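Colleague: I have just opened this model and would like to learn how to read its contact surfaces. Could you walk me through them?

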Amino acid sequence: MNIDSIKNGFVIDHIEAGKGMEVYNLLALDSLDCSVAIIKNATSRKMGKKDIIKIDAKIELDMDILGYVSPTATVDVIEDGKLCEKKKMTLPEKLTNVIFCKNPRCITTTEQELPNIFTLTNRELHEYRCAYCETKASK
Amino acid sequence: MRSVIDIKDLSTKELEEIIAVAEDIIENPEKYAHKCDGKKLATLFFEPSTRTRLSFEAAMYELGGHVLSMSDATSSSAAKGESVADTAKTVSCYADIIAMRHPKEGAPLVAAMNASVPVINAGDGGHNHPTQTLADLLTIHREKGRFEGLTVGLCGDLKFGRTVHSLINALIRYKGIKFVLISPDELKVPSYVKNEIKECGLEYIQTKDLEEYMPQLDILYMTRVQRERFFNEEDYLRLKDSYILTPEKLANAKEDLSIMHPLPRVNEISVSVDDDKRACYFKQVLNGKYMRMALILKLLEVK
């Protein structure tokens, strides 16, 4: 399989296998004009299998989304065809409008202009809770 | 400018300061009769309530302040579709402090994020009710003289009972507290609340049997199974009479047990228990007013 190398853009590597499309959708990569490649189930020495996304443009990447969906991911920043920075993801402390509260009693269900804010309450368990009603986020 | 949305918004030191002020109000009410002269409290109640709203209003009047009251959501701008944020911004122009009850969980937090005056959560759905917890804490303090080392039985609806979650959250700050969590399977304490107990190195027992554990209890905190928290009437009817406290069930209880209830009760404590010297639930109502007075003074920074 041949995928053109990137001149200026990003390689999102080490995405947990199967999470590539979720990252693609949450980062709204479908709205881009540039080349975007998703590689699913690539062989990985560390992970066994992984997903990779290549984006041939310098866009604003929401690292919080990436960190939330796949904290194992790394982001290679490519400039003039060369790797100039490698970023590791961590679980973000706060997520705004990434996940939505499913508690029918939560104020966000009736006041839909309110931002859906979730805060990290347990890093080991990857647990987020709604900032308003403290309901646990379901992935 | 501070708001109190959750009991966790108050440190242990602050809780103890509020208790000390409330005790002083009880001893010297005249000293506090004009502390809030010229100040206005807005009570915004989007859900029916008798005692909490009247308690806030009585608290403000006894501090010499005034009250602006909204007790029926259907006659307010909320019925026209106004957001909680806009209501909070608007009422901030009229009042020095807001007490809000709302059926939606998190609504008082939204109000606090938008108001320019302190907001007190007077109950948001099944979520938080910090001033009830303040009433509970003062009652325990006055009845027992301590928090450490008590065995506290919580009985009834421990799933949706917001007062239970807030009380657990306040009591886990003290050493040697042991919880006995008594409920039907469907109304058990949520796991995150149990995790908080465990994280503090405290013990809890989960059971369906009130009478088995009765002899161990220093405090018995009864709660009502609340119709308004159920989406399904059948579930409510099936569970509402799970526990009814009667004088017979108290036969093996300690002589100095304190029986508490956030009220209103339906039938979970028989009226024949009211004359028992261990019944504290009406004292709790009075203590709630004193703690609300102390909290208003703190948030308005009145010395």
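This is a predicted model: local features need pLDDT of at least 70, side-chain atom pairs count only at pLDDT 80 or more; totals for chains, interfaces and linings use all residues.

Colleague: Into which domains is chain A divided?

Modeller: Domain bounds come from an automatic or database domain assignment. Here chain A has domain 1 (9-88) and domain 2 (94-130), with C-alpha centres 24 Å apart.

Colleague: How many residues of domain 1 of chain A are in contact with domain 2 of chain A?

Modeller: Contact means heavy atoms within 4.5 Å. Five residues of domain 1 of chain A touch six of domain 2 of chain A.

Colleague: And how is the size of such an interface expressed?

Modeller: It is often given as the accessible area lost when the parts come together. Buried area uses a 1.4 Å probe and is summed over both parts. Between domain 1 and domain 2 of chain A about 450 Å² is buried, and carbon and sulfur atoms give 81% of that. On the domain 1 side of chain A, helix 2 (residues 63-69) supplies the largest share, three residues; helices are DSSP runs of H or I, at least four residues, numbered from the N terminus.

Colleague: How many salt bridges are there between domain 1 and domain 2 of chain A?

Modeller: A salt bridge is a side-chain nitrogen of Lys or Arg within 4 Å of a carboxyl oxygen of Asp or Glu. The count between these domains of chain A is zero.

Colleague: What is the area buried between chain B and chain A?

Modeller: About 1,400 Å², with 53% from carbon and sulfur atoms. In chain B, Lys104(B), Glu105(B) and Tyr192(B) lose the most area to chain A, together 38% of what that side buries. In terms of contact, 21 residues of chain B meet 15 of chain A.

Colleague: Which residue forms a salt bridge with Glu134(A)?

Modeller: Lys8(B) does, its closest N and O atoms with Glu134(A) being 3.3 Å apart. The count between chain B and chain A is one salt bridge. Helix 3 (84-92) and helix 4 (107-114) of chain B each supply at least two residues of the side touching chain A, and helix 4 of chain B gives the largest share, four residues.

Definitions and conventions:
Residues are numbered from 1 along each chain as its sequence is written. Chains are lettered from A and ligands numbered from 1 in the order in which they are written. Side-chain values use heavy atoms; hydrogens and water are left out. Buried area is the accessible area (1.4 Å probe) that two parts lose on being put together, summed over both.
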